[in-house]
Amino acid sequence: MKPLAKVAFFLSLLASVVWAAPSVQTVHVYKSPTCECCGKWIDHMNVNGFKVITHEINNVVDQKMRLGVPMALASCHTAEIGGYFIEGHVPAGDIKKLLAEKPDARGLDVPGMPASAPGMSDTSKAPYAVLLVKKDGTTATYARY
C-alpha cells in the first residue's frame, strides 16, 4: 500500500471511531449547598464520564416533587438525566445501564444514604439496593451491592 493510501485508510478508520463514539451525558444535580456527600457523588459521576451541572438550592424537595420521586424513598440529592430522575447515591454504572436500556420508568433510587454507596465514606461494603421506580410509582430491584 502506498504511503498516501495508508494515511487515507488510517484517517477513514479514525473517522469511523470518532463518529461512533458516544456523546457525553449531562446530568443536572439538585443539592443543598452544605452537603458534602453530594459533592463526592458528583465527583464519582465526573470520574465515570458524565458532565455534571450542579444546582445548589435550599429546597431540594421541590425538585423531587417535580420529577416524581416518591418521598418515602428520598435521599439527600436529586438528579435528572435523559428523562429520568436519579435519587441519591446511585452508582454511575447503573445510570449508564438505565440510559442504554431506556425502560418505561421514572428513574433510579437509592433510598436514604447507605454508608457504602458512591459518595459516602464507608468502604465496608454494607449491602444496599438500587430501585427502579416505575411510571405507576411501584418499585423493582434494579441492582444489589
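**Strand pairing and the core**

Author: Go ahead. Strand 1 and strand 3 run antiparallel and are joined by three bridges. Bear in mind that this is a predicted model.

Reader: How do you know that strand 1 and strand 3 pair?

Author: Pairing takes at least two bridges found by DSSP. Three bridges join these strands, so they count as paired. V29 stands opposite A79 in strand 3.

Reader: And what makes strand 1 and strand 2 a pair?

Author: Here there are six bridges, in the parallel sense, against a threshold of at least two, so the pairing holds. T26 has K51 as its bridge partner in strand 2.

Reader: Which elements make a right-handed β-α-β unit?

Author: Strand 1, helix 2 and strand 2.

Reader: What makes the largest nonpolar core a core?

Author: Its 25 residues are each under 20% relative accessible area and are joined through side-chain atoms within 4.5 Å, so the set qualifies. I86 and I95 have the most contacts inside this core. Several elements each supply at least two of its residues, including strand 1, helix 2 and strand 7. Helix 4 gives the largest share, four residues.

Reader: Which residues is I95 in contact with, leaving aside its neighbours within four places in sequence?

Author: W41, M45, F50, I81, I86, V90 and L108. Each counts as a contact because it has heavy atoms within 4.5 Å of I95.

Conventions. Residues are numbered from 1 along each chain as its sequence is written. This is a predicted model: local features need pLDDT of at least 70, side-chain atom pairs count only at pLDDT 80 or more; totals for chains, interfaces and linings use all residues. Side-chain values use heavy atoms; hydrogens and water are left out. Buried means under 20% relative accessible area, exposed over 50%, partly exposed in between (1.4 Å probe, protein chains only). A crossover is right-handed if, with the strands pointing away from the viewer, the path from the first strand over the helix to the second runs clockwise.
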